[in-house]
Amino acid sequence: MKIFLIVIYLFALNFIEAKQMSFFPGEEDYLIAVDKPAAPVDGIASIYKKIVYPRFAMETKTQGKVYLLILINEKGDVDQVKVVKGIGSGCDEEAVKAIQKTKFTPAENGGVNVPSKLTIAVQFKIDG
């Protein structure tokens, strides 16, 4: 019974450590839970204005959401962008480029600007 409990404990410990795996080196310096989260300076619409629907995506009628993890520093600049779940056909890359061109209001914690993590879903939809 002791061996069984030890195996379960090691499995659980390994599972917990795997869940805490980072996408970026140094990611642990960026906060998730903050008093005021980071946000695009001119709103989410400012991101969509920077997107050019990829021609291949138009030809293949690729639509859907690209989920991104963004690391934003205390100045509101984008340090890193990672596609968490993409749709391909050039949409993932286009979403990353649009985020990299976007200025954010920095996150605040205790009235102080702090580096933070932000997740955003960018919707690609063909009108018509």
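In this predicted model, three strands form an open sheet in the order S3-S2-S7, with antiparallel pairing. S3 and S7 are the edge strands, as each pairs on one side only. From one strand to the next, the twist averages 25 degrees. Helix H4 lies across S2, S3 and S7.

**Basis of the model**

- Residues are numbered from 1 along each chain as its sequence is written, and side-chain values use heavy atoms, with hydrogens and water left out.
- Because the model is predicted, local features need pLDDT of at least 70 and side-chain atom pairs count only at pLDDT 80 or more, while totals for chains, interfaces and linings use all residues.
- Helices (H or I, at least four residues) and strands (E, at least two) are DSSP runs, numbered from the N terminus.

**The sheet**

- Strands of a sheet pair through backbone hydrogen bonds, either parallel or antiparallel.
- Two strands are taken to pair if DSSP finds at least two bridges between them.
- S2 and S7 run antiparallel and are joined by 9 bridges; Val66 has Val122 in S7 as its bridge partner.
- S2 and S3 are also antiparallel, with 6 bridges.
- Among the bridge partners in S3, Lys82 is that of Leu69 and Lys85 is that of Tyr67.
- The hairpin of S2 and S3 has 5 residues between the strands, and Gly76 takes a positive phi near 95 degrees there.
- S2 is largely enclosed by the rest of the structure, because 7 of its 9 residues are buried (under 20% relative accessible area, with exposed meaning over 50% and partly exposed in between; 1.4 Å probe, protein chains only).
- Lys82, in strand S3, is partly exposed, with a relative accessible area of 32%.
- The C-alpha atoms of Lys82 and Tyr67 are separated by 8.6 Å, and the two residues are 15 residues apart along the chain.

**Helix H4**

- The buried residues are Cys91, Asp92, Glu94, Ala95, Val96, Ala98 and Ile99.
- These residues pack against helices H2 (45-49) and H3 (55-59), and against strands S2 (64-72), S3 (78-85), S4 (104-105) and S7 (116-124), where contact means heavy atoms within 4.5 Å.
- H4 runs at about 35 degrees to S2; axes are lines fitted to C-alpha atoms, for helices over the stretch in contact, and angles run from 0 to 180 degrees between N-to-C directions.

**The aromatic pair**

- Rings of Phe, Tyr and Trp (its six-membered ring) pair if their centres lie within 6.5 Å; planes under 30 degrees apart count as stacked, over 60 as edge-to-face and the rest as tilted.
- By this rule the count is 1 aromatic pair.
- Tyr53 and Phe124 form this edge-to-face pair, at 5.5 Å centre to centre and with 85 degrees between the planes.
- Tyr53 lies in the loop between H2 and H3 and Phe124 in strand S7, so the pair ties together parts that are 71 residues apart in sequence.
- Phe124 is buried, with a relative accessible area of 1%.

**Confidence**

- The mean pLDDT (the predictor's confidence in each residue, from 0 to 100) of the protein is 85, and 78% of its residues reach 70 or more.
- Confidence is highest in H4, at 98, and lowest in helix H1 (residues 2-19), at a mean of 40.
- Over residues 1-20 pLDDT stays under 50, and the model has 0 contacts beyond four places in sequence for them.
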